[in-house]
Amino acid sequence: MRVVVIGAGATGLGVAWDLTLRGIDVTVVEARELGAGTSGRFHGLLHSGGRYLVTDPSAAKECYSENMLLRRIACDAVVATGGYFVKKFGDDSTFESRWLSQAEELGVPTHPVKVAELVDELPMLTRDIQRAHWVPDGVLEGFTMLSMLVQAIESRGSRLFDHTKAIRLRLDGDRVSGVEVEGVGGYRVLECDAVVNTAGPWAGIVARDWGLDIKVQPSYGLMLIFANRRMNKVVNRLKPPGDGDIFVPHREVVILGTTDVAQGLPDAPEPRRAEAIRLMELGAELVPDLGSWRVLRGFTGVRPLYEPSGVTGDSRTVSRDFAVLDHGETDGLNGAFSVLGGKWTTFRLMGEALGERLAKALNVDSPSLSREVAIERRHVRSVPSAPKARGALLCECEQVYEADLDESTATSQMQRRFDTWFAMGPCQGTFCAHRVLGRERAVGFADELSSLRREREHGLNAVGWGASARLIALEQSIAAQSLGEDAR
Amino acid sequence: MRRFEYEDACIKCSICVTACPVYRVDQQFPGPKALGPDWYRRHQAGEQKAMEHVSDCTFCQLCEEACPVDVPIAHLIAEHKQFANQSPRLKLRDYLLTHPQWLAMAPSLVKAPKQLGVPLGVSAKTQWPTPSPTKRNYRHQSTRRHYDGRTVGIYVDCFTRGFDSETLLAATAILQRLGFNTVNLPTASHCCGAAAYASGLIGEAERTAKVTHRALRRMTSQLEAIVTLNATCDDTLRVEWPRYFGLTLSVPVTPFVEFVLANANPSFFAELRSRPSQGVLYTHATCRSKAAKGEGTLFSLVQQASEQGPRILEISCCGAAGSYAFKSEHTEVARALGGRAARAIDEPGMILTDSGTCAIHLEELTGYRSVHPARWMQSQLSSTEVLQ
């Protein structure tokens with residue numbers, strides 16, 4: 001049994017993992033890079049479900065059970081920080097009581113914390129807090145999790161082809177028999193018994209290629225990354241989910257999310273300054289001194305929301321729940337499936353649900369094992385005891401040595417960046433990008449350097465005030481002197 | 001966690017690295033950027049281990065002065081020093097060295113054979129100061145020569161108290177000449193906390209500062225200003241007390257050099273200029289005075305007070321850095337830094353510097369007389385040889 005999965009984001013890899021564990025041979029094709037879509041552009045929150053208790057109870061319940069499960073089966077990617085929901089004076093009390101009774105009913109554990117103790121632990125928070133509740137929020141590190149999944153499926157015989165685009169379905173009557181793909185390996189036909197569309201925001205486009213109509217509603221959100229990990233717990237505002245109401249600590253940084261703007265196209269738009277300033281103002285409702293925190297960059301991610309009944313006006317009201325479509329049942333295209341919507345936290349559950357559906361349709365009798373089998377982390381970057389043995393220090397911000405790059409198994413520059421984290425710290429590649437890319441002097445490295453620098457600059461420009469404004473000036477003058485690029 | 005401003009603002013430009021005197025002479029030293037903002041960022045994300053060589057920072061703060069985005073680099077390194085894993089032996093030594101107020105009470109301790117300090121990690125090479133010639137009781141020592149005049153307090157720092165009564169007497173005489181009554185503060189031996197902060201004993205620095213603050217506050221009501229003789233203590237009282245410990249004084253704190261420049265009339269300087277010169281005058285503003293006020297104040301004072309004008313000693317840090325040079329593991333770096341001073345002097349002369357420890361260190365390594373500008377001015381005015 002062979003299956004082709006289109007899209008190497010969390011959904012696609014979750015699907016690939018579940019199917020691989022059922023003994024199915026899976027090929028994941030990804031048009032760009034691992035996690036190049038939504039799964040590389042989020043705040044990485046491992047939801048406790050708290051955020052959706054009132055507005056989206058089924059998503060909340062799924063989030064909580066997957067949260068608990070991932071702590072066991074993917075512990076290398078999970079940081080169990082814990083989180084708080086804080087209610088400010090003046091925030092709707094009836095929402096709080098509904099929230100609490102929903103938590104009780106859905107079995108999401110919460111407990112009240114004393115405000116004095118909260119502000120003692122997180123002194124940057126506003127003193128305007130009336131009540132606060134602890135929840136088992138955490139962080140599920142994006143690229144760690146994705147690369148663990150890739151390693152897991154590859155170690156069991158499945159594979160990922162990145163920079164490979166699915167261009168056409170091959171049919172045998174009304175049944176899928178293969179997928180024509182084109183990419184780094186040239187044109188080829190991947191013969192298969194089923195194909196799964198997990199293209200996230202691009203799922204509608206993939207479906208259109210199949211001659212189907214799927215109502216995906218992409219909505220983008222802006223997030224801001226602060227340079228230092230100023231808080232080590234997730235902090236949410238206890239009111240209906242809105243803009244700029246959540247802080248997530250992630251590695252050395254804190255991420256403030258997010259906005260929610262419905263859009264037509266699946267690509268993430270460039271972050272805009274005005275929106276970043278608005279997000280800062282909203283964030284300041286929880287952290288009054290937020291203006292003094294240095295913002296490293298702004299970035300946008302696109303949610304692949306799915307609304308079966310068609311596009312609605314307000315994307316906040318679209319469920320964060322997911323849907324599995326068997327196009328054999330609905331459209332007469334046997335062996336074609338789509339997994340739509342959903343959340344980072346529930347990627348495994350989405351894989352399991354697809355697996356069940358696919359197994360039933362294709363008479364596979366092996367059960368899902370993804371609930372039981374742990375996903376291991378093979379390549380762990382060791383903290384060097386003798387840094388000298390690891391060669392020159394190339395990225396000072398994230399402590400990336402020459403040896404770290406040599407040990408990385410990534411096949412592309414971008415993947416290597418996510419693998420080692422160079423150019424992700426406070427200099428945003430101003431210095432380390434030159435050292436890393438210049439070290440190899442591969443053909444076209446200047447272009448690659450230039451495009452990496454430009455990509456970093458987009459994120460900086462959106463937050464070009466304070467220290468970031470000075471970094472932009474420095475970064476542009478270095479680009480002008482070393483790459484011959486005029487200041488933009 | 002201590003609150004800072006701009007702790008996260010580092011743009012990695014490395015200007016601080018080029019300003020760091022230790023980085024220049026010590027190949028092993030990772031430099032202020034790596035030890036300060038880089039480490040501190042990782043520390044906020046959970047890093048608990050100190051980097052090697054963090055204790056080799058002199059806390060001169062020239063990195064902070066150079067930083068274009070105002071990162072409190074040296075203070076982040078001081079936080080970092082707290083995680084350095086030192087042997088109990090060195091911990092004991094640092095604890096003693098970071099309480100100079102004790103040594104100021106019993107300065108004759110330095111007459112003990114140096115070998116006794118070696119097991120404790122005290123440098124056998126670095127020159128120790130000489131205790132003040134006579135035991136003077138600074139308590140209640142004040143002058144009321146000008147009955148309707150204004151009164152300033154002279155902050156008697158630990159070094160001046162224990163080892164440099166000459167400078168205190170000279171400064172007192174000059175301030176009187178400028179029309180001020182003086183009173184010596186505080187009455188008992190107290191440290192401003194600079195030594196402890198520089199060694200990363202920040203809690204101890206704060207406790208020490210609070211005690212001294214109480215002792216000073218009792219005496220400041222009638223004062224016009226507190227005049228300081230040591231640039232490091234000056235910067236600690238004036239900048240670090242309010243910024244890091246929330247301690248404020250009701251009167252301005254001013255370095256002696258700046259106070260004289262602001263309050264002396266032209267005839268004072270004319271008289272000084274009329275005295276014969278004693279070779280080339282090199283000025284060395286200590287690091288903390290450079291970081292806080294620049295090199296210009298000391299230079300201007302000597303320029304106005306001498307016929308031939310001074311030359312700036314073209315070095316950054318002389319290596320003394322308070323108690324730094326007295327720690328055995330720092331001997332070589334301190335000597336390498338001071339050695340640059342010897343090379344910077346091309347004609348015989350005298351070094352004027354606003355710190356007692358810098359003066360003895362420079363004097364030892366250059367072979368030229370090094371004194372506080374107050375002593376030089378007073379000896380010029382009284383026509384006595386400052387070399388005595």
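Guide: Begin with the inventory. Chain A has 14 helices and 23 strands. Keep in mind that this is a predicted model.

Visitor: What radius of gyration would a compact globule with 488 residues have, and what does chain A have?

Guide: The globule value would be near 23 Å, and chain A has 23 Å, so the two agree. Along its principal axes, the C-alpha trace spans about 65 × 60 × 45 Å.

Visitor: How many of the 488 residues of chain A count as buried?

Guide: The share is 52%. Take contacts in chain A between residues at least 6 apart in sequence: 70% of them join residues at least 24 apart.

Visitor: Now the sheets. What order do the strands have in the open sheet of 6 strands?

Guide: The general idea comes before the case. Strands of a sheet pair through backbone hydrogen bonds, either parallel or antiparallel. Here the order is β9-β2-β1-β13-β21-β20 in chain A, and the pairing is mixed. β9 (159-161) and β20 (322-326) of chain A stand at the edges; each has a single partner strand, so one side of each lacks a neighbour in the sheet. From one strand to the next, the twist averages 20 degrees.

Visitor: In which sense do β1 and β2 of chain A pair?

Guide: Parallel. β1 (residues 2-6) and β2 (residues 25-29) of chain A are joined over 5 bridges. R2(A) has D25(A) as its bridge partner in β2(A). V4(A) has T27(A) in that strand.

Visitor: Which strands make up the open sheet of 3 strands?

Guide: The order is β10-β11-β12 in chain A, with antiparallel pairing. β10 (164-172) and β12 (186-191) of chain A are the edge strands; each has a single partner, so one side of each is left without a neighbour in the sheet. Ignoring direction, neighbouring strands of this sheet are turned by 25 degrees against each other on average. β11 (residues 175-183) of chain A runs antiparallel to β12(A), joined by 6 bridges. G178(A) stands opposite E191(A) in β12(A).

Visitor: On to helices. Which residues of α2(A) are buried?

Guide: The general point is about direction. An α-helix has 3.6 residues a turn, so residues three or four places apart point the same way. In α2(A), the buried set is A59(A), A60(A), E62(A), C63(A), Y64(A), E66(A), N67(A) and L70(A). These buried residues pack against β3 (45-46), β4 (78-79), α3 (93-106), β8 (138-140) and α9 of chain A.

Visitor: What length does α2(A) reach from its first C-alpha to its last?

Guide: α2 (residues 57-73) of chain A has 17 residues and reaches 24 Å, close to the 24 Å expected at 1.5 Å a residue. α9(A) can be read the same way. Its 15 residues reach 21 Å, close to the expected 21 Å.

Visitor: What do the buried residues of α9(A) pack against?

Guide: They pack against α1, α2, β13, β20 and β21 of chain A. Among these buried residues are F347(A), L349(A), E352(A), G355(A) and L358(A). Just after α9(A), N363(A) takes a positive phi of about 55 degrees.

Visitor: Where does S368(A) lie?

Guide: In the loop between α9 (347-361) and β22 (393-395) of chain A. S368(A) and E352(A) are 16 residues apart in sequence, yet 6.3 Å apart in space, C-alpha to C-alpha. Setting aside residues up to four places away in sequence, S368(A) touches D18(A), R22(A), E352(A), G355(A) and E356(A).

Visitor: Last, the interface. How many residues of chain A are in contact with chain B?

Guide: 19 residues of chain A are in contact with 16 residues of chain B. By class, the chain A side has 9 nonpolar, 3 polar and 7 charged residues.

Definitions and conventions
Residues are numbered from 1 along each chain as its sequence is written. Chains are lettered from A and ligands numbered from 1 in the order in which they are written. This is a predicted model: local features need pLDDT of at least 70, side-chain atom pairs count only at pLDDT 80 or more; totals for chains, interfaces and linings use all residues. Two residues are in contact if their C-beta atoms, placed from the backbone, lie within 7 Å. Ala, Val, Leu, Ile, Met, Phe, Trp, Tyr, Cys and Pro count as nonpolar, Asp, Glu, Lys and Arg as charged, and the others, Gly among them, as polar. Two strands pair if DSSP finds at least two bridges between them. Helices (H or I, at least four residues) and strands (E, at least two) are DSSP runs, numbered from the N terminus. Axes are lines fitted to C-alpha atoms, for helices over the stretch in contact, and angles run from 0 to 180 degrees between N-to-C directions. The radius of gyration is taken over C-alpha atoms; the globule rule is 2.2 Å times the number of residues to the power 0.38. A residue is buried if 20 or more other C-beta atoms lie within 10 Å of its own, exposed if 12 or fewer, and partly exposed in between; C-beta atoms are placed from the backbone. The expected span of a helix is 1.5 Å times one less than its number of residues.
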